[in-house]
Amino acid sequence: GDLFDAFFSGTATATRRAAQHGADIHTTVTLAFEEAVLGAERQIEVERVENCSQCHGSGSRPGSQAARCPACHGTGQVRRTQQGLFGRFVSVTTCERCGGEGHVIVEPCPQCGGMGKEKAQRQIVVVVPAGVEDGTQLRLSGEGHSGTHGGPPGNLYIILSVQPHPLFLREGDNLIYRLNLNVAQAALGQKVQIPTLNGKQELKVPAGTQSGREFVFKGKGVPRLHGRGQGDLVVQVSVATPTRLSKEQRRLLEELGKTLGTPEAPSEEE
């Protein structure tokens, strides 16, 4: 809906002249995985309602003044007396002429047409702390729509949407990396280069490594919010069984299988 409809909805009450807090703004910012983990600074554009830059919210042409409402005599309220069966009944309602303001605009501001408000596009710098997660909400106080009758502006709420990483899976403050090995690599052992957020890290995979084994690099995960340490990088080994073999590969595996024999099944006690 229109920003002005949202801004002025529900304000035609007897307390309209009181200072009112401005409406909040909600927006979503998409971050790359590294920006969420390491922190970033982003500039976003928001559209908000502000006090008119010409009349500064008065609604009157600069140099002119509003006049006292002749219908309510400046009170913003109209009292009506009705004679009923049990006597007189007095009702107090918001003045329709001035909308409860107590004054009327004689010479409307040419910039805002007498509303005292205008739409504005603003560039706002958002500092994203290191370690935020998908769905984290940031609040920027006073960056929402402007208030009325001297009321404070609303807040700007930013919901962070973090894109997935092609290599890492995040679990809290830890990063999970899946290391795929073939049968020969797992059986013989091998030195491999593991990617981290700050470059490569060497890992010596010992001979006979089984699928599901984990290796932990302390302090190589996600920085915790507010500088309280850092999570770990967990390397999970997955040994892949080949599905397509050449004749030579099949022959070699068959010979290897004869020499290795069949692994013993675990006993019930185990």
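How many bridges join S1 to S9, and in which sense do the two strands run? Seven bridges join them, and the strands run parallel. The close-ups below come from a predicted model, in which local features need pLDDT of at least 70, side-chain atom pairs count only at pLDDT 80 or more, and totals for chains, interfaces and linings use all residues. Residues are numbered from 1 along each chain as its sequence is written, and side-chain values use heavy atoms, with hydrogens and water left out.

**View 1. Three strands form an open, mixed sheet in the order S1-S9-S8.** Strands here are DSSP runs of E with at least two residues, helices are runs of H or I with at least four residues, and both are numbered from the N terminus. Two strands pair if DSSP finds at least two bridges between them. S1 (25-31) and S8 are the edge strands, each with a single partner, so one side of each has no neighbour in the sheet. From one strand to the next, the twist averages 25° (axes are lines fitted to C-alpha atoms, and angles run from 0 to 180 degrees between N-to-C directions). Look for Val 29, which stands opposite Leu 160 in S9.

**View 2. Asn 155 sits in the loop between S8 (137-140) and S9 (156-162).** Asn 155 counts as buried because its relative accessibility is 13%, and buried means under 20% relative accessible area with a 1.4 Å probe and protein chains only. A polar atom of its side chain lies 3.1 Å from the backbone nitrogen of Gly 142. Leaving aside neighbours within four places in sequence, the contacts of Asn 155 include His 21, Asp 24, Arg 139 and Glu 143 (contact means heavy atoms within 4.5 Å).

**View 3. S11 (174-182) pairs with S10 (168-171) in the antiparallel sense over four bridges.** The hairpin of S10 and S11 has two residues between the strands, and Gly 172 takes a positive phi near 65° there. Phe 168 stands opposite Tyr 177 in S11. Tyr 177 also has a bridge partner in S15, namely Val 235. S11 and S15 (233-240) run parallel and are joined by eight bridges.

**View 4. The second largest pocket is lined by 15 residues.** Nearest its centre lie Val 183, Ala 184, Ala 187, Leu 253 and Leu 256. H3 (183-188), S15 and H4 (247-260) each supply at least two residues of the lining. On a 1 Å grid over the protein atoms alone, a pocket is an open set of points where a 1.4 Å probe fits, with protein on both sides within 12 Å along at least five of seven lines; lining residues have an atom within 4 Å of a point.

Conventions: Buried < 20%, exposed > 50% of the residue type's maximum accessible area, 1.4 Å probe, protein only. Polar contact = N/O pair within 3.5 Å; in protein donor to acceptor, adjacent residues only side chain to side chain.
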